[in-house]
Amino acid sequence: MAITDKIYVKNHQQLASQLETSFPKGAFKGATLDILFQGEGLAKLDDASRERVLDFAEDFMDCDCQAAPHCGCPERKFVAYLLELREQGLGPDAIVDVMSDDYMLYAYPGDVLSFLDDAVRTLEAVETLADVDGEREVAEEVQRRRNRLV
Ligand SMILES: [Zn+2]
């Protein structure tokens, strides 16, 4: 499962009752993207929630794909956001705190930790392949990125 399958909407019940409809708890479930983040019920949300829902839509759902928001862009952008927080030196617990402040989302720190470990391992594999292929510059660039994540 991708990390984006393990990102949840905080105050899920409360938001669902404000919107007078139900949607899944998973933030990146198709119906959540449609109903909560792109829906017409925005006006029904309390101010603080509306602000965060709008921030999420602006930051992760601003692409022009025809299939949007089911095009994969929101997930890709969110993964980039997580990696950026890591590059700023945040650990899993702090990353969860920040996503909660920014977008009213939460995840289990253990899941964030596995995601970060996987990202580092993927970069290691890419680095090794580039090295084997004699692509020194690529290998070095990948190494720099990896060092920023550990
Ligand atoms: Zn897109």
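**Notebook: the zinc site and its surroundings**

I began with Met104, which is buried at a relative accessible area of 8%. My cut-offs: buried is under 20% relative accessible area, exposed is over 50%, and partly exposed is in between, using a 1.4 Å probe on protein chains only. Phi of Met104 is near 60°, a positive value in a residue other than glycine. I found Met104 in the loop between helix H5 (92-103) and S2. Helices (H or I, at least four residues) and strands (E, at least two) are DSSP runs, numbered from the N terminus.

Ground rules before going on. This is a predicted model, where local features need pLDDT of at least 70 and side-chain atom pairs count only at pLDDT 80 or more, while totals for chains, interfaces and linings use all residues. Residues are numbered from 1 along each chain as its sequence is written, and side-chain values use heavy atoms, with hydrogens and water left out.

**Whole chain**

I counted 7 helices and 2 strands in the protein chain. Along the sequence they run β-α-α-α-α-α-β-α-α. Taken along the principal axes, the C-alpha atoms fill a box of roughly 60 × 35 × 25 Å. Of the 150 residues in the chain, 38% are buried. I also checked contacts, meaning heavy atoms within 4.5 Å. Among those between residues at least 6 apart in sequence, 47% join residues at least 24 apart.

**Zinc**

Which residues hold the zinc ion? I get Cys63, Cys65, Cys71 and Cys73, each through SG, at 2.2 to 2.3 Å. Donors here are N, O and S atoms within 2.8 Å of the metal (3.2 Å for Na, K and Ca), and water is not among the atoms, so sites may look incomplete. Along the chain, the donors of the zinc ion are spaced C-x1-C-x5-C-x1-C.

I looked at the geometry next. The angles among the 4 donor atoms are 101 to 115°, and the site is tetrahedral. For four donors, that label needs all angles between 85 and 135 degrees. For reference, ideal tetrahedral angles at a metal are 109.5 degrees.

Buried or partly exposed, I asked of Cys71? Cys71 counts as partly exposed because its relative accessibility is 23%. Cys63 is at 18%, so it is buried.

I also noted a cis peptide bond joining Ala68 and Pro69, with omega about 0°. Pro69 is in the loop between H3 and H4.

**Helix H2**

In H2 (residues 30-37) I marked Thr32, Leu33, Leu36 and Phe37 as buried. Why do they line one face of the helix? Seen down the axis of H2, they fall within an arc of 100°, so they line one face. The arc is that of the directions from the helix axis to the C-beta atoms. An α-helix has 3.6 residues a turn, so residues three or four places apart point the same way. The buried residues of H2 pack against strand S1 (8-9), helix H1 (12-19), helix H3 (47-60) and strand S2 (105-106).

Leaving out residues up to four places away in sequence, Pro24 touches His12, Lys29, Ala31 and Thr32. Its C-alpha atom is 8.3 Å from that of His12, 12 residues apart along the chain. Pro24 is partly exposed at 28% relative accessibility.

**H4 against H7**

The axes of H4 (residues 73-87) and H7 (residues 136-149) come within 7 Å and cross at roughly 75°. That makes H4 roughly perpendicular to H7. Axes are lines fitted to C-alpha atoms, for helices over the stretch in contact, with angles from 0 to 180 degrees between N-to-C directions. Under 35 degrees is roughly parallel, over 145 roughly antiparallel, 65 to 115 roughly perpendicular, and the rest oblique. Leu83, Arg86 and Glu87 in H4 meet Arg145, Arg148 and Leu149 in H7.

**Before and after S1**

Thr4 lies in the segment before S1 and is buried at 6%. Beyond its neighbours within four places in sequence, I found Thr4 in contact with Phe28, Glu75, Phe78 and Val79. Asp5 is also in the segment before S1 but is partly exposed at 38%. The C-alpha atoms of Asp5 and Ala27, 22 residues apart along the chain, are 7.7 Å apart.

Last entry: Asn11, in the loop between S1 and H1. Asn11 has a positive phi of about 50° although it is not a glycine, and is partly exposed at 38%.

Notes: Four donors count as tetrahedral if all angles lie between 85 and 135 degrees; four count as square planar and six as octahedral if opposite donors are over 155 degrees apart and all others between 65 and 115; anything else is irregular.
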